[in-house]
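These are my notebook entries on a structure that I have not examined before. I record what I looked up, topic by topic.

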Amino acid sequence: MSTSPTSRSKADVEKYLEKAHINEIVTDAVNACIKERPRDACAFLAEHLAKKPRIDYESSERQEAAQAAKCAVDHNAKLTIYSPPAATRATGIICTIGPKTKSVEMITELRKCGLNVVRMNFSHGSYEYHGEVIANARKSFEEEPLDGRLLAIALDTKGPEIRTGMTTDGGNVELKKGGTITVTVDPQFKDACSSELVYMDYANLPKVIAVDGIIFVDDGLLGLKVLAIDVAAGTLTCEVLNAGLLGSKKGCNLPEVDVDLPALSEKDKADLAFGVEQNVDMIFASFIRKAQDVRDVRARLVECDPVIGQRIRIISKIENHEGMRNFDEILAETDGVMVARGDLGIEIPSEKVFLAQKMMIAKCNMAGKPVICATQMLESMTNNPRPTRAEASDVANAVLDGADCVMLSGETAKGSYPREAVTMMAQVCREAESAAYIKAVASDMTLSLPHPLSINDSVAKSVVDAATAHDAKLIITLTSSGASARLISKFRPRCPIMVVARDAHIGAASNLNRGCIPFFYPVEKPADGLDVEARFEFAMQIAKKLGLAQEGDTAIFAYGWQTGVASLANFKMVTVGTEFQQSIAVASEGLAALCDFTLPESFAVGAVRAPGKATHEAMQAASQDVPTILLHQAMLDIYSEPAKRRGTGIICTIGPKTKSVEM
């Protein structure tokens with residue numbers, strides 16, 4: 001069957017347009033015209049195209065060729081490994097500080113590599129130790145502020161979890177597969193764990209577990225099968241299912257067992273009081289199972305100090321089935337979420353963890369609340385100077401999923417290569433951020449939100465739309481509560497968000513939000529409260545000094561007039577180096593279409609439906625009939641059965657151990 005001349009001609013034209021990157025060249029020229037707004041647009045475009053006749057897409061920054069793609073598949077096909085990423089990283093990096101990294105000098109070194117939030121794990125260490133970490137972190141910032149970006153401090157609670165005791169000599173104990181070990185809940189053995197006896201700090205353990213039940217230890221690295229139970233003695237006789245090393249204070253999981261631990265133990269209450277006393281910036285609340293758990297944490301914080309307790313951010317760690325089932329009510333109550341994949345990956349099947357991650361990240365993105373992806377992100381770098389390729393991809397995929405922050409645990413707490421781990425994480429984040437299909441991300445967010453938008457969301461979206469249309473290099477926002485930074489971050493601008501706050505703790509907490517770079521404004525609020533331009537001028541001086549913006553660049557100033565009611569009510573566009581002048585805030589519909597910001601009409605707002613309660617239909621049926629990827633991910637369900645037949649082929653390398661007919 002022959003092709004008609006007309007269709008052949010059309011196909012040839014389309015092929016030429018794509019090969020010559022006409023769409024990208026025209027988009028670049030139009031954006032330049034929007035930025036300059038010349039009186040004679042035709043002359044300007046002619047001059048611009050003459051000066052810049054060719055764009056080198058192999059070396060252009062931030063995957064510019066891929067950003068001009070027609071669809072997600074086209075975008076992925078145009079990604080290139082030779083395109084340098086953005087100089088500024090948008091994803092926050094959280095580092096767990098341990099004995100090897102607690103010194104002022106090491107914290108400073110980690111900050112140079114990319115550390116934004118110091119995490120203290122209160123499952124380990126004394127108050128004296130954690131107080132030293134806090135003091136050293138603050139001293140690091142005071143002695144070497146580096147670029148001036150505020151450093152946040154997070155307290156990670158032990159939570160209603162079960163942990164082993166201390167080993168006899170504090171080191172690791174080897175357990176052999178098939179061996180027998182006794183588990184005891186008697187506190188007299190809490191510092192005497194060995195290859196024959198291990199203490200676990202859950203008194204009701206012999207009452208709630210059954211024979212043949214499984215106990216996982218240390219993120220599932222060790223498995224114990226219950227052979228016999230002596231409730232009176234408080235002991236279990238267990239078989240070691242696999243060989244491994246048992247360390248001190250390791251977490252334990254009881255899959256499919258209802259644990260009757262309270263949301264806050266006495267230790268947790270004391271730890272929260274310590275956090276308030278030390279004026280930390282945020283709490284990572286472990287094993288949150290329902291909204292009331294979040295309210296209990298807040299009540300304890302406020303009980304310790306009404307002002308500080310109300311200001312501290314609560315990040316809920318989702319680590320079990322109950323937390324997954326109650327996720328929506330938890331999200332409504334919490335300030336943010338951590339996808340804590342360690343315990344979660346033991347409580348639910350490993351093959352379901354990616355579903356939980358995508359669902360929680362998408363729902364947090366839609367709610368405009370920060371979400372952290374954590375556990376084993378660069379685990380091999382605890383002992384090796386380079387990560388596995390799978391680990392690097394894991395970090396990148398968390399960023400592409402929409403995570404605001406990524407976290408390092410043992411890599412920086414006890415690892416041999418903490419600097420290298422933070423540096424690698426920062427590099428992968430920058431690459432992944434540049435590879436994100438921003439046009440689709442923006443459209444998905446717009447279409448996934450309920451309409452009409454709130455005033456705050458409307459202004460935040462307009463700020464980001466204007467920044468995109470005018471190729472702004474920086475958004476500067478003033479905040480007294482952190483709300484304006486969070487709102488702008490929600491719509492994922494491609495340029496950095498400079499956050500200026502009078503309260504250093506409010507500013508530091510903004511490290512949790514994607515793209516936010518917080519700075520402390522050291523001048524007290526004047527009696528009349530009229531110092532908006534002074535604060536913007538302060539921010540602009542820092543921006544120019546750090547290279548975030550240069551003379552002639554476009555920047556956007558965004559601010560509110562009443563916290564909580566109109567946290568983000570105004571914005572204006574300026575050219576760096578000129579007087580602050582009000583500019584057109586939002587591109588017209590026609591101009592936006594010309595710049596290719598919109599999706600086809602078939603994705604109209606009216607077609608959107610909010611994610612409802614999971615129906616657990618097979619093959620993720622509930623998430624298929626939605627208009628956007630963001631809604632699709634938000635409706636993924638770990639309880640949905642997959643297809644009975646696998647469609648993906650599996651290739652196995654056969655070696656000496658598997659070459660037999662039987663294997």
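Predicted model: local features only at pLDDT ≥ 70, side-chain atom pairs only at ≥ 80, totals over all residues.

**Surface patch.** I located Val13 in helix α1, which covers residues 5-19. With Tyr16 and Leu17, Val13 makes up a nonpolar surface patch, and the three together have about 280 Å² of accessible area.

**Sheet.** I then traced an open sheet of seven strands with mixed pairing. I wrote down the strand order as β4-β12-β8-β9-β10-β6-β7. At the edges I found β4 (162-163) and β7 (197-199), each of which pairs on one side only. Within the sheet, I followed β8 (residues 214-217) and β9 (residues 222-230), which are antiparallel and share four bridges. Ile214 has Lys225 in β9 as its bridge partner.

**Backbone angles.** I looked up two residues that have a positive phi without being glycine: Asn279, at about 60°, and Gln376, at about 55°. I placed Asn279 in the loop that links α9 (266-277) and β13 (282-285). Gln376 belongs to the loop between β16 (371-374) and α16 (389-401).

**Cis peptide.** Last, I checked the bond between His451 and Pro452, which is a cis peptide bond with omega of about 0°. Pro452 sits in the loop between α19 (438-448) and α20 (455-469).

Conventions
Residues numbered from 1 in each chain as written. Heavy atoms only, no water. Patch = residues over 30% accessible without salt bridge, like charges linked within 9 Å, V, L, I, M, F, W, Y side chains within 5 Å. Areas by Shrake-Rupley, 256 points an atom, 1.4 Å probe, with all protein chains shown as cover. Salt bridge = Lys/Arg side-chain N within 4 Å of Asp/Glu carboxyl O. Helix = DSSP H or I, 4+ residues; strand = E, 2+ residues; numbered from the N terminus. Pairing = 2+ DSSP bridges.
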